[in-house]
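Reader: Could we go through some features of this structure together? I would like to begin with a ring.

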Amino acid sequence: MEYKDYEVIIKDLLKKKSSATDEKEKEILKNKIRKFCYEANQNLTSWDRVCIARNKSHPKAEDYIKRLFSNFIELHGDRYYGDDKAIISGIGMFHDIPVTIIAQAKGKTTEENIERNFGMSNPEGYRKAIRLAKQAEKFNRPIITFVDTAGAYPGKDAEERGQAEAIAKCLFEFSTIETPIICVVIGEGGSGGALALSVGDSIIMLENSIYSILSPEGFSSILWKDETKCKEASEMMKLTASDLRDKNIVDEIIREPFGGAQNNFSEVIKLLDECIYKKIKELRKVSKSSLLSNRYKKYRNIGVY
């Protein structure tokens, strides 16, 4: 059974449940829905998860910031060129702990996406991230990054301003920041644009998010000279949360309801909140030298079996 077939069955069951008048019947239908949702989630293909991660109604970084943090103050600019709206960064409170938040931001409408450059950062975005990370280190604030981008912006202006150098500098600087860093992949984690904000002590992924050095379309166009073979490419790339946990790249997976986090965002926030809090408590007990040593080993061991 394909994803779309499960979707039709579940929608039909939900309609029946909403129109049912008998409580016993409602409970039976509720259990059936739960069973089908569980079964559907287990049988999703890699391409299904790519589509869910790219869903326009999928919660964006701004939604997570509003629900997880209090007293958030956004900080702008890289102090070199300007401000990049594809990255939201600032400071806030998380369970009474001051934290720094750096998030790749997509919009919900076409207008918002144009303003956010569809979540694709320019060099000033990565330099802003470095500035905020250095500030967090100075004040001993944990850093939480949210990854959700198809990749860094590939435009001519971005290349002229040093896009590749900015990403490389981000990778270098984040590897030596002496404060806990927790990275959360909330949607589409693609290419160097995503990797730039993914150097940390713990990587958390939503169940239906993806994380890879390249998009399935890019992979298939390079390997087979055929962009339409993206479904086959997504299976080969091993870009899902479960694939990456099996390879010890991802540390934790946050369960999502069938169809994505938007279908029960409160539950996803609850699970993510608990996970981030647990990680911060653990990492704050580790000495700075051990923190950097463990981070170094974590990335050196990727790809070693």
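Reader: Is Phe146 buried or exposed?
Author: Phe146 is buried, as its relative accessible area is 0%; buried means under 20% relative accessible area, exposed over 50%, and partly exposed in between, with a 1.4 Å probe and protein chains only. This is a predicted model, in which local features need pLDDT of at least 70, side-chain atom pairs count only at pLDDT 80 or more, and totals for chains, interfaces and linings use all residues. Residues are numbered from 1 along each chain as its sequence is written, and side-chain values use heavy atoms, with hydrogens and water left out.

Reader: How many aromatic pairs does the structure hold?
Author: There are 6 aromatic pairs; rings of Phe, Tyr and Trp (its six-membered ring) pair if their centres lie within 6.5 Å, and planes under 30 degrees apart count as stacked, over 60 as edge-to-face and the rest as tilted. In one of them, the centres of Phe69 and Phe94 are 5.7 Å apart with planes at 55°, so this pair is tilted.

Reader: And what about Phe69 itself, buried or exposed?
Author: Phe69 counts as buried, at 7% relative accessibility. The ring of Phe69 also pairs with that of Phe146: the centres are 6.2 Å apart and the planes at 75°, so this pair is edge-to-face.

Reader: Which residues form the aromatic cluster?
Author: One cluster is formed by Tyr64, Phe69, Phe94, Phe146, Phe265 and Tyr277.

Reader: New topic: which side chain has a polar contact with that of Glu256?
Author: The side chain of His58 does, at 3.5 Å; a polar contact is a pair of N or O atoms within 3.5 Å, where within protein one must be able to donate a hydrogen and the other to accept it, and residues adjacent in sequence count only if both atoms are side-chain atoms.
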